[in-house]
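Biologist: I'd like to learn how to read a structure like this one. Could you take me through it, feature by feature?

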Amino acid sequence: MTPGAGQDGGTGTVRVARTVLIGLGLAAAAYGVTVLPRPGPLLPWLLAGPLLHDLLVAPLVGLVGLVLGRLVPDRTTRTRIGAGLAVTAILLLVAVPLLWRPAPGPPNPGLQDRNYLIQLAIWLAVLWGGIAIGQRLRRRVARSRQKREGAADSAR
């Protein structure tokens, strides 16, 4: 069998499943458009999200991944930094609407009486502090393991 061809055993089940899923997705999207009360004002928002992701966010994430791969040789460290960046992005995604436009409607007691910028800064500090502490502990454990192995080798 040639590489990359017929990975589903030649039966075409993957192609059929993909076609069915694409058809179901398009049908669901068409139904969603029909039940929208007025799609006109919502259309920019419905198109902006995927376009913003595909044209800005995804290439930026890929670029950060490439740079991270070049600058950080240790795989575990790269994984921790990548996870930290992913959690940071999620926190920013949740916080940006509250930071950008704090009170779009009537005030909701208990919701808008918080300082979201300070809370975001605290969460990010805890996140990256935890990553830094975890990395430091990992190095310390590795050093003590090397010392133990060196002492055991010299005792032989």
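This is a predicted model: local features need pLDDT of at least 70, side-chain atom pairs count only at pLDDT 80 or more; totals for chains, interfaces and linings use all residues.

Biologist: Thanks! What does the secondary structure of the chain come to?

Modeller: The chain has 4 helices and 0 strands, where helices (H or I, at least four residues) and strands (E, at least two) are DSSP runs, numbered from the N terminus. Starting at the N terminus, the order is α-α-α-α. Of the 156 residues, 8% count as buried.

Biologist: Back to Arg138, then. With which residue does Arg138 form a salt bridge?

Modeller: The general idea is that side chains of opposite charge can pair when their charged atoms come close. The cut-off is a side-chain nitrogen of Lys or Arg within 4 Å of a carboxyl oxygen of Asp or Glu. Here the structure holds 1 salt bridge. Arg138 pairs with Asp74, and their closest N and O atoms are 2.7 Å apart. Arg138 sits in helix H4 (residues 116–155) and Asp74 in the loop between H2 and H3, so the pair ties together parts that are 64 residues apart in sequence. Asp74, at 26% relative accessibility, counts as partly exposed. Arg138 and Thr76 are 62 residues apart in sequence, with their C-alpha atoms 9.6 Å apart in space.

Biologist: And pockets? How much space lies in the largest pocket?

Modeller: Rolling a probe the size of a water molecule over the atoms shows where empty space is left. On a 1 Å grid over the protein atoms alone, a pocket is an open set of points where a 1.4 Å probe fits, with protein on both sides within 12 Å along at least five of seven lines; lining residues have an atom within 4 Å of a point. The largest pocket holds about 900 Å³. Its lining has 24 residues, and Leu52, Val57, Ala89, Leu92 and Leu93 lie nearest its centre. H2 and helix H3 (75–100) are the elements that give two or more residues to this lining, and H2 supplies the largest share, 13 residues.

Biologist: Which residues form a nonpolar patch on the surface?

Modeller: Patches are made of residues with over 30% relative accessible area and no salt bridge, and nonpolar side chains (Val, Leu, Ile, Met, Phe, Trp, Tyr) are joined within 5 Å. Here Leu42, Leu43, Leu46, Leu47, Leu51 and Leu55 form the patch, with about 590 Å² of accessible area together, an area from the Shrake-Rupley method with a 1.4 Å probe. Leu51 belongs to helix H2 (residues 39–71).

Methods
Residues are numbered from 1 along each chain as its sequence is written. Side-chain values use heavy atoms; hydrogens and water are left out. Patches are made of residues with over 30% relative accessible area and no salt bridge: like charges are joined within 9 Å, nonpolar side chains (Val, Leu, Ile, Met, Phe, Trp, Tyr) within 5 Å. Grid points are joined across faces, edges and corners, and a volume is the space filled by probe spheres set on the points. Buried means under 20% relative accessible area, exposed over 50%, partly exposed in between (1.4 Å probe, protein chains only).
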